[in-house]
Amino acid sequence: MGIYSSINIASTGLSANRMRLDVIADNMANVNTTRTTEGGAFKRSRVIMRPVTEGPYWRSPFLPDSLDNNLGKGVRVVEVQKDRSTEPRYVYDPTHPDAILTGRWEGYVEMPNVDVVTEMVDMISASRSYEANAAIIEGSKAMFQRALDIGAR
């Protein structure tokens, strides 16, 4: 692995968790949105991430090829996906302009499938992960500086 690989890997984590925080903020902002351009109530979004398996390889002359190929190269956001598995909640409010007019759910309003508690837990998780990646970058910088100090003597 090269000298900057730890910073490169941690920076992919910073970018991915920033995207997670943006999506969580969007979910929280739309917790009461009952009408969207697609029709119906807002659907919760979630970020799908995968490990980076291709791209620039940082080769180490000190590691066997079999071990070096299995080293992580970071994470990337694959897509932002709508959560269609969670059922929306229904609130009885026949005066609401988006109330269902006929059928079993007459007088009910379809509300977004966003749970504020779940979003807060996800936000804390993304924030902690962001902080951990930032700490890795700071640790790498300190290690590089220490190596320069040793080399200058």
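Which residues does Ala10 touch, not counting residues up to four places away in sequence? Ala10 touches Asn133, Ile136 and Ile137, where contact means heavy atoms within 4.5 Å.

## The model and its numbering

This is a predicted model, in which local features need pLDDT of at least 70 and side-chain atom pairs count only at pLDDT 80 or more, whereas totals for chains, interfaces and linings use all residues. Residues are numbered from 1 along each chain as its sequence is written, and side-chain values use heavy atoms, with hydrogens and water left out.

## The protein as a whole

The protein has three helices and four strands, and from the N terminus on its elements run in the order α-β-α-β-β-β-α. Both kinds of element are DSSP runs numbered from the N terminus, with helices being runs of H or I of at least four residues and strands being runs of E of at least two.

Of the 153 residues of the protein, 27% count as buried, a term that means under 20% relative accessible area, while exposed means over 50% and partly exposed lies in between, with a 1.4 Å probe and protein chains only. Among contacts between residues at least 6 apart in sequence, 69% join residues that are at least 24 apart.

## Helices H1 and H3 side by side

Helix H1 covers residues 5-29 and helix H3 covers residues 116-152, and their axes come within 9 Å and cross at roughly 160 degrees. That angle makes H1 roughly antiparallel to H3, because angles over 145 degrees count as roughly antiparallel, those under 35 as roughly parallel, those from 65 to 115 as roughly perpendicular and the rest as oblique. The axes are lines fitted to C-alpha atoms, for helices over the stretch in contact, and the angles run from 0 to 180 degrees between N-to-C directions.

## Lengths and buried residues

The expected span of a helix is 1.5 Å times one less than its number of residues. For the 25 residues of H1 this gives 36 Å, which agrees with the 36 Å between its end C-alpha atoms, and H3, with 37 residues, reaches 54 Å from its first C-alpha to its last, close to the 54 Å expected.

The buried residues of H1 include Ile7, Ala10, Leu14, Val23 and Ile24, and what covers the buried residues of this helix includes strand S1 (45-51), strand S2 (75-82) and H3. In H3, the buried residues are Glu119, Ala126, Asn133, Ile137, Ser140 and Phe144, and they pack against H1.

## Single residues between the two helices

Ala10 lies in helix H1 and is buried, with a relative accessible area of 2%. Although Ala10 and Asn133 are 123 residues apart along the chain, their C-alpha atoms are separated by 5.0 Å. Ala132, a residue of helix H3, counts as partly exposed at 41% relative accessibility, and its C-alpha atom is separated by 8.7 Å from that of Ala10, 122 residues away along the chain.

Ile137 has its place in helix H3 and counts as buried at 17% relative accessibility. Ile7, found in helix H1, is in contact with Ile137, Ser140, Lys141 and Phe144 when its neighbours within four places in sequence are left aside, and the C-alpha atoms of Ile7 and Ser140, 133 residues apart along the chain, are separated by 6.8 Å.
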